[in-house]
Amino acid sequence: MIIDARGRRCPLPILDLARHIGDVEIGATITVEADDPAARPDVAAWCRMRRHELVGETTALDGTPGYVVRRRH
Amino acid sequence: MPAYLDAAAGAPLHPVAREALLAALDDGWADPGRLYGAGRRARLLLDAARESVADSIAARPDELSFTANATQALHAAVLGTLAGNPRSNTFVHSAVEHSAVLLAAQSHVARSGHAVSVGVDELARVDAETFVAAATAAGVAAAALQAANHEVGTSQPVSALAAAIGAVPLIVDATQTIGHASVPTGWSVLAGDARTWGGPAVGLLAVRTGTRWRSPFPDDERESGRVPGVPNLPAIVAAAASLRAVEATRSAEAARHARLVQRIRTAVPELVPDVEVLGDADERLPHLVTFSCLYVDGEALLTALDRHGFAVSSGSSCTSSTLEPSHVLVAMGALTSGNLRVSLHHATTEVDVEDFLAVLPALVAEVRAELGATGL
């Protein structure tokens, strides 16, 4: 699952992530594509605080970074 | 009751500073560089202020110059040390230095210089081994390390690293430390900020005897050739008088601030769900505390607190003009959303802190509700 959070400013990308993490199975991944510069540290911090796993980063065709998160529980 | 809790951006004027400033406006208006009577009186005031401040920071009076403000002191510290060591081209600094240091580094790079940024851990403490390796590599003209971080309060191991890097000049930004904690030893060039101890806008620039430092400005004989132009003498006199007053009660005041900071560090995670308190719990500035709240728009929270009369600061991106989150929070890997820095000063009371803690939980909940984040 990919969430498009382009143009959404801090803290909206992690809110989008929180709203949709339950939409994927435990063990599956969800990617939030966000161009806000605060998204990188905030997604990592959200994963730490909510005990999910930050798997890595992708780059969309338009260059927007995508943060790949695995649902752990 | 409202409270001003942003001392790190500038404490309210200390009563001793106000008194000295008013007296010096009458007595110290003349140019201390002139030889007539009023100029000589001004020179005596300037010399006395310099001796007093130098004594507080363990410097010799001739090592200390006054600048217009802390930013100018930091720029002169970095660019002057680089200019004094022209055969080397690299400037090493921690990733969490004040933006004035980072912008000076950028200006060095723009003039074909080289800069190396050394990372920090999750508490904002610099990676000591990497810092020493980078600073002692070939071609390093200067290294910079803050005494303590201005956003999260973590102290840096300045004295140990100064000893470890040997002859490489170490620039120490002590702008949040002077007047609040001991100034670390081992610096070659030191910068300070009178606004953080309750003085008016005056910066300190101290250059240790024997350090190669060359003015990055056009030649001017003022302030040992380090800072061009007539100094703002009334402000300098007020800065010196207030530093002397603050130093006289520093250990008791630091202990009082540390208790209030500890109260905030303990209470906020109990009162507000989903908060990360940032920075080292022990090795830190006594008067400054920072935390980040999940699902909170920092600007909305600042505005809500301001409505209740509380002035604090935020490193969240939505509160900066560039929309970039604080480089300090990013370097630490900390949550940047809903970030608040609370910093205390001579007039901060326990009641101020308790009042802040009383309004904070409902305001965070209100801002979260506006974003539809309740229950997430």
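## Salt bridges

B:Asp274 forms a salt bridge with A:Arg50, with 2.5 Å between the closest N and O atoms; a salt bridge here is a side-chain nitrogen of Lys or Arg within 4 Å of a carboxyl oxygen of Asp or Glu.

Within chain A, A:Arg6 forms a salt bridge with A:Glu33, the closest N and O atoms being 3.0 Å apart. This pair links distant parts of the chain, 27 residues apart, since A:Arg6 is in the loop between β1 (2-4) and α1 (12-20) of chain A and A:Glu33 is in strand β2 (residues 29-33) of chain A; helices (H or I, at least four residues) and strands (E, at least two) are DSSP runs, numbered from the N terminus.

## Basis of the model

This is a predicted model, in which local features need pLDDT of at least 70 and side-chain atom pairs count only at pLDDT 80 or more, whereas totals for chains, interfaces and linings use all residues. Residues are numbered from 1 along each chain as its sequence is written, chains are lettered from A and ligands numbered from 1 in the order in which they are written, and side-chain values use heavy atoms, with hydrogens and water left out.

## The interface of chains A and B

In the interface, 22 residues of chain B are in contact with 18 residues of chain A, contact meaning heavy atoms within 4.5 Å. The two chains bury about 1,700 Å² between them, 63% of it on carbon and sulfur atoms; buried area is the accessible area (1.4 Å probe) that two parts lose on being put together, summed over both. B:Tyr295, B:Leu371 and B:Leu376 supply 29% of the area that chain B buries against chain A, more than any other three residues.

## Helix packing in chain B

The axes of helix α9 (residues 298-307) of chain B and helix α11 (residues 350-370) of chain B come within 10 Å and cross at roughly 135°; axes are lines fitted to C-alpha atoms, for helices over the stretch in contact, and angles run from 0 to 180 degrees between N-to-C directions. α9(B) and α11(B) are therefore oblique to each other, given that angles under 35 degrees count as roughly parallel, over 145 as roughly antiparallel, 65 to 115 as roughly perpendicular and the rest as oblique. Among the residues making this contact are B:Leu301 and B:Leu305 of α9(B) and B:Phe356 and B:Val359 of α11(B).

The axes of helix α8 (residues 250-271) of chain B and α11(B) come within 11 Å and cross at roughly 15°, which makes α8(B) roughly parallel to α11(B). Their contact includes B:Leu260 and B:Ile264 of α8(B) and B:Val353 and B:Leu357 of α11(B). For helix α1 (residues 15-27) of chain B and helix α7 (residues 233-248) of chain B, the axes come within 8 Å and cross at roughly 150°, so that α1(B) is roughly antiparallel to α7(B). B:Ala20 and B:Leu21 of α1(B) and B:Ala238 and B:Ser242 of α7(B) are among the residues of that contact.

## Backbone geometry

Most residues other than glycine have a negative phi, and most peptide bonds are trans. A cis peptide bond joins A:Cys10 and A:Pro11, with omega about 5°, and A:Pro11 is found in the loop between β1 and α1 of chain A. B:Ala58, although not a glycine, has a positive phi of about 55° and lies in the loop between α2 (37-56) and β2 (64-67) of chain B.
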